[in-house]
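Here is a short report on one structure. Keep the chain view open as you read.

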2 protein chains.
Amino acid sequence: MFAGAPSLLTDHYELTMISAALRDGTAHRRSVFEVFARRLPVGRRYGVVAGTGRLLELLAAFRFHPDEVAFLRDRGVVDEQTAAWLADYRFQGDLDGYAEGELFFPGSPIMTVSGTFAECVVLETLILSVLNHDCAIAAAAARMVTAARGRPLIEMGSRRAHEEAAVASARAAYLAGFASTSNLAAGLRYGIPTAGTAAHAFTLLHDDEKAAFASQVAALGEQTTLLVDTYDISQGIRNAIAVAGPGLRAVRIDSGDLSVLAAQSRALLDELGAPDVKIVVSGDLDEYAIAALAAEPVDVYGAGTAVVTGSGAPTAGLVYKLVEVDGRPVVKRSENKATIGGRKTAYRRHKPTGTAVEEIVLSQQATPPAQPGDRLLQRPFVRGGELVADLPTLADSRAHLRDCLITIPWEGLKLSAGDPAVHVTVTTVGPR
Amino acid sequence: MFAGAPSLLTDHYELTMISAALRDGTAHRRSVFEVFARRLPVGRRYGVVAGTGRLLELLAAFRFHPDEVAFLRDRGVVDEQTAAWLADYRFQGDLDGYAEGELFFPGSPIMTVSGTFAECVVLETLILSVLNHDCAIAAAAARMVTAARGRPLIEMGSRRAHEEAAVASARAAYLAGFASTSNLAAGLRYGIPTAGTAAHAFTLLHDDEKAAFASQVAALGEQTTLLVDTYDISQGIRNAIAVAGPGLRAVRIDSGDLSVLAAQSRALLDELGAPDVKIVVSGDLDEYAIAALAAEPVDVYGAGTAVVTGSGAPTAGLVYKLVEVDGRPVVKRSENKATIGGRKTAYRRHKPTGTAVEEIVLSQQATPPAQPGDRLLQRPFVRGGELVADLPTLADSRAHLRDCLITIPWEGLKLSAGDPAVHVTVTTVGPR
């Protein structure tokens with residue numbers, strides 16, 4: 001199924017606004033839009049920037065094809081002038097932002113888009129779709145990684161999400177520290193390790209459980225994971241060891257009270273002389289269920305529904321706001337007074353120990369006063385419509401998040417509901 | 001961004017199971033898989049089948065391209081025999097199911113996939129991804145349509161969802177009775193009416209609000225909707241009428257206490273001699289917020305985040321289970337005793353008044369006893385790998401849901417938490 005170019009993944013009103021602005025000339029005003037969250041999902045202590053790499057690929061393909069322009073004109077969405085403008089469209093502005101894998105907090109300007117009003121506003125929907133989804137998944141996944149305390153996690157939620165969102169979710173979960181994904185497209189597109197065990201259907205297909213296990217081991221070798229809970233778990237484990245021997249990689253348990261079953265299964269495996277066989281658990285695991293298994297002899301967690309749905313927060317609440325027109329800060333007056341117009345510069349201040357103490361966001365000031373331990377948070381991604389060289393890889397972003405999570409105050413890693421771990425101070429410094 | 005063929009939107013283990021089953025010969029056993037939900041999201045009274053049309057398009061393109069097969073072989077996911085099988089793959093089995101727009105309840109067998117084990121199991125992930133997503137959105141959207149009591153709803157949540165999930169969400173919301181969507185790709189792909197107003201950025205771009213309104217009206221005519229809450233709402237309405245006159249189509253309010261503001265805005269519009277100007281409200285509306293505005297002078301609702309995230313239930317909880325192998329019912333023994341193997345036939349029983357009283361699901365019995373008012377729920381979609389003729393259109397499915405919602409007991413339409421509106425009885429009838 002060809003999904004088409006990304007340009008129509010856009011709200012109707014972006015194009016009608018452009019129509020009007022092209023007629024009155026304001027379409028060409030130099031504009032700055034910023035992406036930020038007014039708040040984190042209830043109780044969350046940090047957000048995770050994710051999706052930037054995916055977005056930059058989509059932006060590079062963001063063109064209006066002739067049949068799309070014809071559709072828009074025929075439907076009366078745009079006039080002739082706008083149709084011609086769309087046909088020639090390519091983004092020629094600048095794009096800056098927090099690195100993928102960076103943390104963010106309410107008010108952090110995680111992306112800044114500069115150019116003419118028209119060329120920037122047309123990107124609003126796509127930028128927000130990608131970032132709102134991927135940041136939501138990455139934030140949930142990062143909490144699961146913390147809860148797993150170094151034990152590997154497999155992302156296996158593809159079937160619970162839209163088929164393309166599933167691929168993006170696998171990428172975001174890997175960025176957040178998951179070891180692998182079940183999603184093969186994510187393996188092909190992003191080079192993420194893929195993993196899998198077997199489904200209950202495979203056991204049911206066979207005449208009995210031992211036949212199913214023998215078939216799997218014959219095909220995949222003993223370095224495979226046998227699913228032992230189709231009938232009786234204890235008998236399943238006995239069958240697994242009888243068939244595969246103590247060199248089997250792992251057994252998986254997908255149902256029942258996992259904390260009780262993990263301990264019983266470990267004891268049984270040890271008793272059967274199979275102390276090196278690992279235990280994989282799955283079945284509606286979220287960060288809390290994972291944390292609750294910390295003391296049990298679990299080796300690998302499989303997480304599905306909770307990770308691909310953001311564990312209660314399926315969208316990140318990011319908005320895309322016009323903050324500057326022709327060098328003049330602009331702001332919606334009916335908003336909270338804390339909102340400040342103008343292009344922002346953001347840096348994070350750290351103690352000598354490396355712990356982050358504050359994020360400082362300055363309006364209309366290019367060069368913030370630097371103290372030792374300050375780190376500028378924004379980087380260039382696009383200049384004059386062209387991707388800058390040496391953009392980070394997914395592996396870089398994964399390492400970056402790991403490093404960032406070390407810097408936040410220790411309460412920030414708690415799973416319980418709380419305030420954002422780092423306060424963002426947005427101020428106006430310098431001439432207005 | 002070319003998303004590729006849908007075949008790799010698949011879990012790793014589907015292909016390793018096929019590898020093992022091809023080696024031992026079980027891959028060719030005649031198998032029946034069923035899609036059903038064990039439960040509805042907490043408190044929901046019905047589910048809505050959605051995504052079938054989208055799924056059938058994806059299935060028609062479900063092929064493994066040479067570079068995908070090479071990837072799977074190089075990564076060691078499949079062996080040579082399986083690689084050859086994948087290269088030749090096309091589904092040649094049968095697919096039956098509930099019509100799109102049909103209601104479902106826990107235990108309803110909404111889709112049945114029959115063929116060899118291998119050709120059916122490889123479709124599991126994609127089938128569940130499409131149905132779990134689209135059914136979740138349609139169910140939330142249907143509740144909003146009920147809450148809106150005949151007033152039109154615009155789906156405007158694209159920016160809060162993965163960019164492709166957004167298009168599917170627009171389709172599911174339209175199926176559920178929304179009047180239109182902001183998503184242009186949904187307009188192009190599915191012929192759904194698109195709609196839009198303007199963003200605050202458009203007002204901020206201009207030197208003042210009147211200039212912005214005049215520009216919009218000059219470009220789009222008076223049959224447009226002006227966004228009046230960028231600065232002061234009362235002044236915004238005065239400016240709108242001063243610029244556009246009483247022939248303006250509508251004003252939109254996107255913030256504040258909508259029930260108070262709708263009433264004040266209506267009074268002001270009437271006072272300004274503009275009684276025909278409609279009021280569009282938006283801003284974090286879910287089914288409850290919509291219901292709470294029933295008594296206010298609101299003409300159109302715009303719903304975003306809540307609809308595209310399933311209003312608290314972002315996935316439908318559907319599973320894909322092997323129920324029959326070579327004519328023999330199979331069932332995972334550790335499950336709830338209520339689970340019954342074997343291919344099912346489903347019909348819904350109605351009172352003479354047309355109200356549904358029960359859904360009856362028979363295992364292993366092709367022809368259920370018919371009473372007046374019984375309606376068979378499953379239809380053929382694919383026979384021998386080919387789509388059947390005359391599949392319903394999206395408009396048909398939309399009408400079907402509207403008709404179905406009339407048949408459920410009146411409590412079923414309540415927004416409050418409750419039990420499923422129709423009980424499903426799954427029984428074994430006839431020879432086992």
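## Domains of chain A

Domain bounds here come from an automatic or database domain assignment. The model itself is predicted. Chain A is divided into domain 1, made of 6-137 + 313-428, and domain 2, made of 197-297. Find both on the model. The C-alpha centres of domain 1 and domain 2 of chain A lie 45 Å apart.

In an unreviewed entry, UniProt places the feature "domain: Nicotinate phosphoribosyltransferase N-terminal" at residues 8-132 of chain A. That span is 42% helix and 18% strand. Its end C-alpha atoms lie 18 Å apart.

## The sheet in chain A

Strands of a sheet pair through backbone hydrogen bonds, and the pairing can be parallel or antiparallel. In chain A, seven strands form an open sheet. Their order is E13-E12-E1-E5-E3-E17-E18, and the pairing is antiparallel. Which strands of chain A are the edge strands? They are strand E13 (328-329) and strand E18 (386-387) of chain A. Each pairs on one side only.

Now look further inside the order. Strand E3 (residues 94-98) of chain A pairs with strand E17 (residues 378-383) of chain A. Four bridges link E3 and E17 of chain A, in the antiparallel sense. One residue pair to find is A:Gly97 and its bridge partner in E17(A), A:Arg379.

## A sheet in chain B

Turn to chain B. Four strands form an open sheet there, in the order E16-E14-E15-E19. The pairing in this chain B sheet is mixed. Strand E16 (375-376) and strand E19 (424-428) of chain B stand at the edges. Each has a single partner strand, so one side of each is left without a neighbour in the sheet.

Strand E14 (residues 344-350) and strand E15 (residues 356-363) of chain B run antiparallel. Seven bridges join E14 to E15 in chain B. Look for B:Arg348, which stands opposite B:Glu359 in E15(B).

## Two crossing helices in chain B

How do helix H1 (residues 12-24) and helix H4 (residues 80-87) of chain B cross? Their axes come within 9 Å and cross at roughly 110°. Angles of 65 to 115 degrees count as roughly perpendicular, so H1(B) is roughly perpendicular to H4(B).

Which residues make the contact? H1(B) brings B:Leu15, B:Ile18, B:Ser19, B:Leu22 and B:Arg23. H4(B) brings B:Gln81, B:Thr82, B:Trp85 and B:Leu86. By class, the contact of H1(B) with H4(B) has five nonpolar, three polar and one charged residues.

Notes
Residues are numbered from 1 along each chain as its sequence is written. Chains are lettered from A and ligands numbered from 1 in the order in which they are written. This is a predicted model: local features need pLDDT of at least 70, side-chain atom pairs count only at pLDDT 80 or more; totals for chains, interfaces and linings use all residues. Side-chain values use heavy atoms; hydrogens and water are left out. UniProt positions are given in the numbering used here, feature names are shortened, and annotations may be inferred rather than shown by experiment. Two strands pair if DSSP finds at least two bridges between them. Axes are lines fitted to C-alpha atoms, for helices over the stretch in contact, and angles run from 0 to 180 degrees between N-to-C directions. Angles under 35 degrees count as roughly parallel, over 145 as roughly antiparallel, 65 to 115 as roughly perpendicular and the rest as oblique. Contact means heavy atoms within 4.5 Å. Ala, Val, Leu, Ile, Met, Phe, Trp, Tyr, Cys and Pro count as nonpolar, Asp, Glu, Lys and Arg as charged, and the others, Gly among them, as polar.
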